[in-house]
Amino acid sequence: MTSRRLARFFALVALGILAAGFGEFRSRAQDKKDKTEPAPKFTAAQVSFYEKEVLPILQKSCFKCHGDDLEKLKGGLNLTTRGTVLAGGESGAVVNLAKPDDSLLLKAIHYKDENHKMPPKGKLPDKDIAIIEKWVKDGLPVSADRIGSDIAKVPPKSVITEEAKRYWAYQPVKRSAVPEIRNPTFEVRTPIDAFIAAKWDAKGLKPMKPAEKSALVRRAYYDLLGLPPPPEEVDAFVNSKDADAWEKLIDKLLASPHYGEKWGRHWLDVVRYCETNGYERDGPKPFAWRYRDYVIQSFNSDKPYTQFVKEQLAGDEMPGYNPDAVIATGFYRLGIWDDEPADPLQAVFDGFDDIVATAGQAFLGTTFNCARCHDHKADPIPQTDYYRLVAFFRDIKPYSNTRDVRSAFNLTDITPPDQRAKYEAELKKREARIAEIKKAMEAIEDAIIKDLPAEDQRAAEGPDRPTVVAQKVVPMLKGKAKDDYEALKKERAELIKKPAPPGQQLALSVNNCDKNPPTTHLLVRGSPHAKGKEVKPGFPEVLGLPEPNIPAPKAGAKSSGRRTILAEWIASKDNPFTARVLVNRVWQYHFGRGIVPTANDFGKLGEQPTHPELLDWLASEFMEPTWASGKQKPVAGDAWKLKRLHKLIMMSSVYQLSSQADEANLKADPSNALLWRFNMRRLSGEEVRDSILHVSGSLNLKQFGPSTYPKIPKEVLAGQSVPGQGWPTSPPEEANRRSVYAHVKRSLRVPILVGFDQPDPDSSCPVRYVTTVPTQSLGLLNGEFANEQAAAFAKRLQKEVPNNLSAQVTRAIRLTTGRVPTAEEVKQDVAFIERLKDKHKLDDAKALTQYCLLCLNANEFVYLD
């Protein structure tokens, strides 16, 4: 045997002896411990503290040298389990449970022992040191699998069971058979009526009579347009002898340009629409209003829902010049954003969580976000499913404040190509000059840098160059070099700040995506600092679908193409969620309650459907129309279109029922879950404000464009750190546009809208709360907006019916309620106005203004039968 082989042999033997000796030492220490100390018991809070706080620090900073890999183990110390920590290493015990402050481990992380400094490359942050200290002083609590000398290898129990797979929401949509109903007291006009009536018969319920025509026309106007019907329209419908008058009214309202303003607002709730970033500065999201306009126009044009979905999820990946599709990706940029996060990496993954939560709930009615840190607690969604969805979105770069469209991740130039060509030459010239200036400035900098210490020279070669320049180079500039440098710097700043070219159109969007996204890992306890196994894009495991085929990006691609694959799956008729979720939302906005009441959660933490067969029939009909909606027969192009679905619902007898109650029905079904009557509802905040402007004659129906800033009382503005900042009040005419066009600022919102339950835009809102609180009445009675509009309302009445108080009262009631008042009612209201004039010495105009304020505060105005 050669000397080299002998050396290698003895080295291996020695290594084996050392390893065996260490193993024996660990074993003896553990055996001794096991014989003298029973297995410790820790509280759930202690275990949670270990898993959420301690373990991520150990994984990030310690396990590389003190983990389970014996070949890389240093000092014989293994920190992966409680047993190995107590066993210590070559330097002896590292933890003293009796006297924790004497523990070598704590001295090492505090750098108090010259021979033991952990981690050796840099001291832990104070926050992490405090966590390890608490852990040691609490007795080293760990999870059950990390008690002994080895990590227990217990196969995790899968959340995906055969029973879970059979849950109704994961089954394919199948067209339900329409029940046969023979009820002489109820006219079955559509299959909807049959499904609803079948539940009545089983429960012994009797439907209420049809609503009065005046209530019905008001219901239709508010449901489809969010505005009150003009009295003339009410009269035309009430007095019509045409058997098709109701169908014609529905068609007319669906064709109105104001339909999209009403139904677009519903969608904006779902996708957490907002125009600012939140947090301390709450800065603006530039051009966010284009997304709002895109939504309104999509509803007005009756865009197929599948296209609507694809544009929002992957519009930037669609070929050709398609500005609408690019604007649609503003969907990703509507969430909150912290411009100075304490943990930048955590903030990035918080952004992805916002996307997964919103997309999962909005399109799929599933709370995937509940599986960010662990498997879902109720639904068959393992943690890997969450990160497989994150992987689809990893090509999207984080939101930023950059306004330069060439490098921004959230702005895209959507100017028509022919217009863009006119200014691109100027842009290229400007960019070339900026590049020249950069080169000239660097030459001046380099002349100084070459004389700096070697350490600074090396730093100037990398990302720290700006720091070196600012701290070392600029202070050393003198004479002509200093003058030239400052002139160049000033010129560059002016070129960068130069306004956008005339006619340039920018959109909030995703842009400059990563066509080769970074690897996605399962994150232990949701911490980006504790990476687990790698995961790839994929669909929910419970559905049993094959892995998606994602081709490599083509040459010149600006994104990975992953989101197109996801969008195609979501927009597929084979997806069990998409159609069900959408028709349920439409049903909810018409009836006040969804067939599944928890519209964003079809899982087990949500409520179960009241009419599952109807839900599936509607979903099937939505995707593949077969039923004639009124006299409108289905055609191939009707698939996935909302206007046809509206009409199908509104043509049903169920939709046309009165909201009156019945004592026997109330006992059997007090919540009206089975829809034996129509649910009365209060107007939304937007409907209240728009209706007040409408009846006062002040409403400006101008559509689209940058948002408006309605007047906000100074008392409300005083609550800002800088009163009025970010709210340049619009001129009255512009401020009086519909509420959907009002600027949505997270830290400052229009009081009347918030007062009447406009939702918080920080997360998806599936159903608005409806509160009844004193501030609503106080605001409508004493608020500046209400009183100004009451005065405008009075002027309108005096102009339309001058010198006739009875006619003015009649007109006021008609405008605010739609109905014709009785003679006695008019007589009493006229007497009330006369008392105001006599008792409070008010002139005609002021007395009428007070009466108009009364009308705006009436329940009949703010509630809908």
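Student: How many disulfides does a search of the whole structure find?

Tutor: This is a predicted model, in which local features need pLDDT of at least 70 and side-chain atom pairs count only at pLDDT 80 or more, while totals for chains, interfaces and linings use all residues. Residues are numbered from 1 along each chain as its sequence is written, and side-chain values use heavy atoms, with hydrogens and water left out. A disulfide is a pair of cysteine sulfur atoms within 2.5 Å. By that criterion, the number of disulfides found in the whole structure is 0.

Student: How far is the sulfur of C855 from the closest cysteine sulfur?

Tutor: C855 also counts as buried, at 8% relative accessibility. The closest cysteine sulfur to that of C855 lies in C852, too far for a bond, at a distance of 6.0 Å.

Student: How many helices and strands does the protein chain have?

Tutor: Helices (H or I, at least four residues) and strands (E, at least two) are DSSP runs, numbered from the N terminus. The C-alpha atoms of the chain fill a box of roughly 120 × 80 × 60 Å, taken along the principal axes. Within the protein chain there are 36 helices and 6 strands.

Student: What share of the 865 residues in the protein chain is buried?

Tutor: The chain exposes about 42,200 Å², of which carbon and sulfur atoms supply 55%; such areas come from the Shrake-Rupley method with a 1.4 Å probe, and for residues only the protein chains shown count as cover. Of the 865 residues, the buried share is 50%.

Student: How many salt bridges does the structure hold?

Tutor: A salt bridge is a side-chain nitrogen of Lys or Arg within 4 Å of a carboxyl oxygen of Asp or Glu. One of them joins the side chains of R292 and D293 at 2.9 Å, N to O. R292 is buried at 0% relative accessibility, and D293 is buried at 5%. In total, the structure holds 63 salt bridges.

Student: How many residues apart in sequence are the parts that R814 and D235 tie together?

Tutor: The side chains of R814 and D235 meet in a salt bridge of 2.8 Å, N to O. R814 lies in helix α33 (residues 805–817) and D235 in helix α10 (residues 231–238), so the pair ties together parts separated in sequence by 579 residues.

Student: Is R814 buried or exposed?

Tutor: The partner of R814 in the salt bridge is D235, and D235 is partly exposed, with a relative accessible area of 28%. For R814 the relative accessible area is 10%, and the residue is therefore buried.

Student: R219 has no salt bridge; which side chain of opposite charge is nearest?

Tutor: R219 lies in helix α9 (residues 213–224). Lys and Arg count as positive and Asp and Glu as negative, while His and the chain ends are not counted. R219 is buried, and the nearest side chain of opposite charge, 6.1 Å away, is that of D223.

Student: Where is L140 placed?

Tutor: Phi of L140 is near 60 degrees, a positive value in a residue other than glycine. L140 is buried, with a relative accessible area of 0%. The place of L140 is the loop between α6 and α7 (162–165).

Student: What is the relative accessible area of R525?

Tutor: R525 has a phi near 55 degrees, a positive value in a residue other than glycine. The residue is placed in the loop between β3 (520–523) and β4 (531–535). R525 is partly exposed, and its relative accessible area is 30%.

Student: In which loop does P119 lie?

Tutor: The peptide bond from M118 to P119 is cis, with omega near -10 degrees. P119 lies in the loop between α5 (104–109) and α6 (126–137).

How values were computed: Buried means under 20% relative accessible area, exposed over 50%, partly exposed in between (1.4 Å probe, protein chains only).
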